[in-house]
Amino acid sequence: MTAVRRPLPALLAGAVVVGMVVSAWAPKDRATWFLETVWVLVGLPLIVLTWRRFPLTGLLCCLLAVHAVVLMVGGHYTYAQVPLGNWLRDELGLERNPYDRLGHLMQGFVPAVLVRELLSRTSPLRGSRWLAPLTVCACLAFSAVFEMLEWLAAVVGGQAADAFLATQGDVWDTQWDMFCALVGATVSVLMLARVHDRQLAKLPRPDVTSSCSGAAPTAGRRTSTRGTTPLPR
């Protein structure tokens with residue numbers, strides 16, 4: 001599999017590791033840093049461990065690395081105090097630091113490609129008209145779960161969780177966060193679907209059924225299709 005030998009994923013992984021080290025150096029709030037970057041701490045080792053069996057497209061690798069940078073910067077400074085966001089707030093005359101909005105746009109934009117890749121390679125949805133709406137729905141569901149995690153953090157941590165919540169006094173912050181994720185996922189699917197499909201065509205499709213059941217591959221075996229209904233396209 002030539003995809004495994006490409007240097008891009010290794011370079012991106014190395015850059016993310018360096019970024020994590022820099023981000024972890026004297027963050028404004030250690031607990032907030034951990035809560036914001038835990039996705040990188042878990043996700044990167046998981047990708048490395050499953051790479052030979054399930055390599056990812058170059059597009060997804062790049063997007064995941066960019067998303068990791070957004071998370072690491074937000075974790076280091078806290079989303080409400082990121083210098084770039086403060087600069088934009090002052091230059092544009094905004095009422096709040098907009099970096100949190102960027103984070104939630106990315107929360108939809110990048111996972112949309114991840115979900116699309118997983119569904120395309122492990123389900124019958126590849127090429128189906130249902131792939132795009134189900135991808136967006138999955139991203140919106142993840143955003144809602146994340147907001148519930150923030151709610152749990154607020155209940156458990158009280159005022160100590162304010163830096164993690166980054167509401168900045170906005171009573172509609174939860175709704176705005178989910179809306180930003182929805183917009184990000186929709187734009188991602190509309191913009192990147194064709195490029196993503198071209199890269200997916202170069203990767204092997206894993207035999208998920210065989211690997212999950214432990215059964216031998218069924219190549220050359222006659223399979224009955226009686227009673228099955230093709231997925232609508």
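Q: Which residues line the largest cavity?
A: Rolling a probe the size of a water molecule over the atoms shows where empty space is left. In this predicted model, the largest cavity is lined by Leu-59, Ala-112, Val-113, Arg-116, Ser-188, Val-189, Leu-192, Ala-193 and His-196. About 40 Å³ of space lies in that cavity, and the count of cavities of 30 Å³ or more comes to one.

Q: Which helix gives the most to the lining of the largest cavity, and what is the make-up of that lining by class?
A: Helix α9 gives the most, with five residues, while α6 (99-122) and α9 (173-200) each supply at least two residues of the lining. By class, the lining has six nonpolar, two polar and one charged residues.

Q: How should I read the packing of α2 with α4, and at what angle do these helices pack?
A: Helix α2 (residues 7-24) and helix α4 (residues 58-77) pack at an angle of about 5°, with their axes 10 Å apart. Because angles under 35 degrees count as roughly parallel, α2 is roughly parallel to α4.

Q: Which residues make that contact, and how do they divide by class?
A: On the α2 side the contact is made by Leu-8, Pro-9, Leu-12, Val-16, Gly-19, Met-20, Val-22 and Ser-23, and on the α4 side by Gly-58, Cys-61, Cys-62, Ala-65, Ala-68, Met-72 and His-76. Sorted by class, the contact of α2 with α4 has eleven nonpolar, four polar and no charged residues.

Methods:
Residues are numbered from 1 along each chain as its sequence is written. This is a predicted model: local features need pLDDT of at least 70, side-chain atom pairs count only at pLDDT 80 or more; totals for chains, interfaces and linings use all residues. Side-chain values use heavy atoms; hydrogens and water are left out. On a 1 Å grid over the protein atoms alone, a cavity is a set of points where a 1.4 Å probe fits but cannot get out, and a pocket is an open set with protein on both sides within 12 Å along at least five of seven lines; lining residues have an atom within 4 Å of a point. Grid points are joined across faces, edges and corners, and a volume is the space filled by probe spheres set on the points. Helices (H or I, at least four residues) and strands (E, at least two) are DSSP runs, numbered from the N terminus. Ala, Val, Leu, Ile, Met, Phe, Trp, Tyr, Cys and Pro count as nonpolar, Asp, Glu, Lys and Arg as charged, and the others, Gly among them, as polar. Axes are lines fitted to C-alpha atoms, for helices over the stretch in contact, and angles run from 0 to 180 degrees between N-to-C directions. Angles under 35 degrees count as roughly parallel, over 145 as roughly antiparallel, 65 to 115 as roughly perpendicular and the rest as oblique. Contact means heavy atoms within 4.5 Å.
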